[in-house]
Amino acid sequence: MKFKKNYLEWLFVILLILLPSLFFDLSLGDGEAFKSISLEADNLLNFSVSRYKTWSSRQIIDLVVVVSLHLPKIIWCFIHTIVVAVTMFLTKYLIQGGGGISSTNKYSVLAMYCLFPIWDMCTAGWIPTFGNYWYPFTAALIIISLLIRHYQKKNPTQNKSKTIFSYVFLIVLTAYASNVELVTVIIFICCMAFFLYYVVYLHRKYNLKLYIVICVNIMSLFYILTCSGNYRRKILEADSWFKNFEMLTIFEKIRLGIIAIFKYLLYEPNTLFFLFSFFLFMCLCLKKEITHLCRFIGSIPLIFSSFFFLIRNISTWPLNANINYSEVMEYYLNYNGSDSLIYYAIVFCTLLVLICIIYAIFTIYEYDTITFRLIFLFCLCILTCFIMGFSPTIFASSTRIFFYINMFLVIGLISLVEKLNDFILNPAILQFARSAEIVGCSILYLFQIFFVAVGIHG
């Protein structure tokens with residue numbers, strides 16, 4: 001009976017993962033362009049060389065996307081389901097620091113992933129967007145999880161796999177994940193954190209796997225920086241999306257990244273961030289032995305999110321939803337000037353919300369290991385947006401550039417929901433809350449699929 005129950009649970013998980021792929025045309029968006037460009041080339045080698053010279057350094061990613069587009073739909077859906085399921089498992093692993101996923105926790109993870117904005121994964125086509133964002137991120141999670149698993153062993157030098165296959169697998173996985181610029185930065189910062197904490201601070205013994213990841217990551221970073229296609233694409237995107245981009249100073253580009261964060265998290269309707277700030281506030285309300293001041297500080301993200309949601313339809317507001325980020329920046333530079341009061345108010349509000357989130361996480365979890373993991377992941381994901389301010393891709397890539405922030409919000413929501421369950425002592429209320437969580441998130445997920453399918457196929 002237990003086997004049958006687990007079988008049905010995983011069948012339910014697989015069905016929900018597969019639903020969007022069954023309803024969407026997988027070749028829409030950039031998928032058609034990838035197909036046509038790859039078919040024009042004589043072979044995949046010529047295709048890769050051409051892309052390197054004219055457009056991108058993502059040769060490994062592009063090859064995976066092209067092969068995926070030519071696979072039968074059933075095979076791609078099978079591989080896709082495995083990758084997404086692995087992402088869910090690793091999310092829980094990173095939160096718990098190891099161990100399996102119980103039935104209840106499994107549904108909690110699934111429920112939170114149902115809230116992930118599906119439209120963001122369709123802005124450049126279903127397969128190309130997953131191939132450029134989700135899959136490399138999953139590969140990075142695998143690398144980080146392997147390093148955590150190694151360093152959490154009491155005797156890390158014992159039972160260490162020294163087979164050639166394990167090292168080759170790690171090299172290929174790191175090369176694949178590091179082929180995406182922002183993932184390269186994420187892996188590099190994580191590796192430096194591992195090195196400083198475990199090797200320098202705790203004086204752990206030599207770990208060849210960590211140094212392999214660092215070396216491959218640095219080579220990938222050098223490859224990205226020297227790619228002629230990246231430089232050419234930057235010029236073309238700036239000319240198409242923001243002609244004055246090269247005239248911006250470093251501080252203006254940093255503030256551009258802050259404006260992007262503000263517009264996506266606070267100003268535009270963002271279900272993930274609203275729920276994250278709501279559960280953050282609820283955990284603070286139910287946690288004992290904290291002051292009302294702490295609860296007020298933790299409520300600021302929710303207050304700001306609700307406030308800007310109410311005023312976003314004011315036509316005179318310069319961050320109207322129909323205005324893209326380049327127009328917002330030009331608005332301030334050309335009309336209000338860089339000293340605009342509202343301009344600095346946006347920067348202040350954004351930084352205040354980010355600081356309050358960090359403070360609230362620390363207050364809820366105190367000195368637990370998960371505190372530092374969540375804060376580290378949060379700062380890392382926010383950093384990706386600051387970095388995007390230094391590239392015109394922030395205008396060309398639509399909302400999918402916020403993929404990493406959304407992933408943190410999902411991870412944070414899973415952790416907060418479980419923490420909230422710990423505060424609920426009444427079994428009946430707890431069971432009702434868990435059932436409402438699963439049902440509510442599943443309904444929102446189905447609504448997402450329906451409206452995205454209507455938007456794609458008309």
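A residue counts as buried when its relative accessible area is under 20%. Tryptophan 126, at 4% relative accessibility, is therefore buried. The model examined here is predicted. Its protein chain has 458 residues, and 52% of them count as buried.

The secondary structure of the chain consists of 20 helices and zero strands.

Helix 19 spans residues 403-423. Its 21 residues reach 30 Å from first C-alpha to last, close to the 30 Å expected at 1.5 Å a residue. Helix 19 is mostly covered, with 18 of its 21 residues buried.

Aromatic pairing was examined next. The structure holds 20 aromatic pairs. In one of them, the ring centres of tryptophan 126 and phenylalanine 130 are 4.7 Å apart. Their planes stand at 65 degrees, so this pair is edge-to-face. Both residues lie in helix 7 (residues 126-151). They are four residues apart, about one turn of the helix. Phenylalanine 130 has a relative accessible area of 5% and is buried, and tryptophan 126 is buried at 4%.

Another pair joins phenylalanine 137 and tyrosine 404, with ring centres 6.1 Å apart. The planes of these two rings meet at 55 degrees, so the pair is tilted. Phenylalanine 137 lies in helix 7 and tyrosine 404 in helix 19, so the pair ties together parts 267 residues apart in sequence. Phenylalanine 137 is buried at a relative accessible area of 9%. Tyrosine 404 is buried at 1%. The residues of both pairs belong to one aromatic cluster, formed by Phe116, Trp126, Phe130, Tyr133, Trp134, Tyr135, Phe137, Phe403 and Tyr404.

Charged contacts were also searched. Side chains of opposite charge can pair when their charged atoms come close. The whole structure contains four salt bridges. One joins arginine 51 and aspartate 62, at 3.0 Å from N to O. Arginine 51 lies in helix 3 (residues 44-54) and aspartate 62 in helix 4 (residues 59-70), 11 residues apart. Arginine 51 is buried, with a relative accessible area of 12%. Aspartate 62 is buried as well, at 2%.

Arginine 58 forms a salt bridge with glutamate 181, with the closest N and O atoms 2.7 Å apart. This pair links arginine 58, in the loop between helix 3 and helix 4, to glutamate 181, in helix 9. The two residues are 123 residues apart. Arginine 58 counts as buried at 12% relative accessibility, and glutamate 181 at 18%.

A further salt bridge pairs glutamate 366 with lysine 287, the closest N and O atoms being 3.4 Å apart. Glutamate 366 lies in the loop between helix 16 (341-365) and helix 17 (369-388), and lysine 287 in the loop between helix 13 and helix 14, so the pair ties together parts 79 residues apart in sequence. Glutamate 366 is partly exposed, with a relative accessible area of 43%. Lysine 287 is buried, at 12%. Salt bridges that share partners join Arg58, Glu181 and Arg233 into one network.

The loop between helix 13 (271-286) and helix 14 (292-311) also holds glutamate 289. Glutamate 289 has a positive phi of about 65 degrees, although it is not a glycine. This residue is exposed, with a relative accessible area of 82%. Phenylalanine 281 is found in helix 13. It is partly exposed, at 23%. Beyond its neighbours within four places in sequence, phenylalanine 281 contacts Arg295, Gly298, Ser299 and Leu302. Its C-alpha atom is separated by 9.8 Å from that of isoleucine 364, 83 residues apart along the chain.

Serine 178 sits in the loop between helix 8 (164-177) and helix 9 (181-201). At 0% relative accessibility, serine 178 counts as buried. Residues up to four places away in sequence aside, serine 178 touches Thr184, Ile187, Asn217, Ser220 and Ile224.

Isoleucine 74 is found in helix 5 (residues 73-96). At 66% relative accessibility, isoleucine 74 counts as exposed.

Methods: Residues numbered from 1 in each chain as written. Predicted model: local features only at pLDDT ≥ 70, side-chain atom pairs only at ≥ 80, totals over all residues. Heavy atoms only, no water. Buried < 20%, exposed > 50% of the residue type's maximum accessible area, 1.4 Å probe, protein only. Expected span 1.5 Å × (residues − 1). Phe/Tyr/Trp six-rings, centres within 6.5 Å; stacked < 30°, edge-to-face > 60°. Contact = heavy atoms within 4.5 Å. Salt bridge = Lys/Arg side-chain N within 4 Å of Asp/Glu carboxyl O.
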